[in-house]
Amino acid sequence: GSWYTVKTATGEVYECRIKGKFRIQDIKSTNPIAVGDVVDFKLDTKGDELTGVIHHIHDRKNYIVRKSVNLSKQIHVIASNIDQVFLMITLDNPPTFTSFIDRFLVTTEAYDVKTVLLFNKIDTYSEEDLLEIKYLAAIYREIGYECIGISAKTKKNVDQVKAMMASKVSMFAGHSGVGKSTLVNAIEPSLNLKTKEISEQHRQGQHTTTFAEMFDLSFDDAKIIDTPGIKGFGVVDMDKEEIGDYFPEFFRLKEDCKFHNCLHLEEPKCAVKEALEEGIVAWSRYRSYVQIIQGEDENYRVDVYDE
Ligand code: GDP
Ligand code: ZN
C-alpha cells in the first residue's frame with residue numbers, strides 16, 4: 001500500500017507515507033520503496049497520530065526484483081540491502097534440480113547478493129543421498145559458495161546457520177516445501193512468519209493482502225526479510241554475453257579464451273570448454289549455462305519463479 005512501517009535506529013516504529021511520486025532510483029519499478037530500504041523522514045504532527053513523511057532514500061547496496069504481474073514492462077523491487085540469501089535445497093520432497101540452483105545463483109550474482117546453500121532434511125537421507133549431497137556441495141564450494149547440510153526438524157547444524165546470521169540481514173529462498181518456515185521457526189520460535197499465517201488464513205477463505213517485512217531477531221542483531229507470496233526472483237534484460245560472468249568459475253577462466261567475447265559454446269580455444277573436458281568445470285554447471293543461453297527469449301530473462 002502507500003504506508004510504510006519505518007523503524008528508527010533507536011527502535012521506535014512510525015507509519016510513514018511518501019510525498020508525490022518520489023523518483024529516486026534509476027530503475028523503473030512499480031514500488032518506490034522496498035523492504036530493506038534506509039530512509040530519512042520527517043514527523044508529521046498535523047493529525048492526532050504521529051506519522052512520518054519519507055523524503056529521502058539512501059543508495060541501495062543491492063536489491064532483488066521480479067517482473068511486475070500487472071505491467072509486464074515494469075519491475076517490482078522485492079527487497080533491498082540484503083546481506084545474504086540462504087538457498088534451501090532438498091533432494092526429494094521436493095526435488096531441487098541443479099538447473100534451478102544455477103539459475104538462482106545467476107540472479108544473486110547479478111545483483112551482488114551473497115548466497116549460502118543449505119542442504120536441508122539430512123535426517124531423511126540414505127547413504128547414497130548423502131553421497132550425492134557431498135558431491136554437489138563439493139561442486140559449489142569449489143566455486144566459492146558456502147554449503148551446509150542441515151536438518152530444520154532435528155536442528156542439526158542450525159546453530160551454524162544462526163552464527164552466520166549475526167549482524168546481518170538474511171533471506172531464505174527455495175522451492176515450496178524445502179523447509180523454510182520450519183528452519184525460521186527453529187531459529188526463532190516466537191516469530192510467526194506471515195508465510196505461514198497466510199496459508200492458514202487462506203484455508204478459512206479470507207482475503208489478505210501480503211506485504212514484505214523485516215524482522216529483528218532476538219539474537220546477535222540478526223534480521224530476516226520475509227516476502228510472503230514471492231517464490232523467487234529474476235533478472236530482466238540480461239545480455240547474452242553477461243551470463244557467463246555470473247558463473248564465477250567461467251568468469252575466472254574467461255581471460256584465457258581466445259576471443260574476448262567468447263560465449264563458451266562452439267568457439268575455438270575456449271578455456272571454459274577445455275576446463276570442462278579436464279573435469280575442472282562441472283558438467284551440471286555447464287549444462288545449466290547452455291540451457292540459460294539457448295533456452296531464453298531475446299533479452300535473456302533469468303527467472304527462478306517456482307510457480
Ligand atoms: P516451506 O514451504 O519451505 O516453508 O517448507 P515447510 O517449512 O513448510 O516444510 C515442509 C515440510 O517439510 C513440513 O512437513 C516440514 O515438517 C518438513 N520438513 C522441513 N524441514 C525438515 C527437515 O529438516 N527434516 C524433515 N524430515 N522434514 C522437514
Ligand atoms: Zn570461452
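Visitor: How far should the 16 residues of helix 2 (residues 127-142) span, and how far apart are its end C-alpha atoms?

Guide: Keep in mind that this is a predicted model. The rule is 1.5 Å a residue, so helix 2 should span 22 Å, and its end C-alpha atoms are 22 Å apart, which agrees.

Visitor: Which residues of helix 2 are buried?

Guide: Look for Asp 129, Ile 133, Leu 136, Ala 137, Ile 139 and Tyr 140. Seen down the axis of helix 2, the buried residues fall within an arc of 155 degrees, so they line one face of the helix. Turn to the other side and you find exposed residues, including Glu 127, Lys 134 and Glu 142.

Visitor: What covers the buried residues of helix 2?

Guide: The cover includes helix 1 (98-110) and helix 9 (283-295), along with strand 8 (114-119) and strand 9 (147-149). Just after helix 2, check Gly 144 too: its phi is positive, about 110 degrees.

Visitor: On to strands. Does strand 12 run parallel or antiparallel to strand 11 (residues 213-216)?

Guide: Antiparallel, with four bridges joining strand 11 to strand 12. For one of the pairs, take Asp 216, whose bridge partner in strand 12 is Lys 223. Six residues lie between the strands of this hairpin, and Asp 220 there takes a positive phi near 50 degrees.

Visitor: And how many bridges join strand 10 (residues 169-173) to strand 12 (residues 223-226)?

Guide: Two, and those strands run parallel. Ser 170 stands opposite Ile 224 in strand 12.

Terms used
Residues numbered from 1 in each chain as written. Chains lettered and ligands numbered in written order. Predicted model: local features only at pLDDT ≥ 70, side-chain atom pairs only at ≥ 80, totals over all residues. Heavy atoms only, no water. Pairing = 2+ DSSP bridges. Expected span 1.5 Å × (residues − 1). Buried < 20%, exposed > 50% of the residue type's maximum accessible area, 1.4 Å probe, protein only. Arc of directions from axis to C-beta. Contact = heavy atoms within 4.5 Å.
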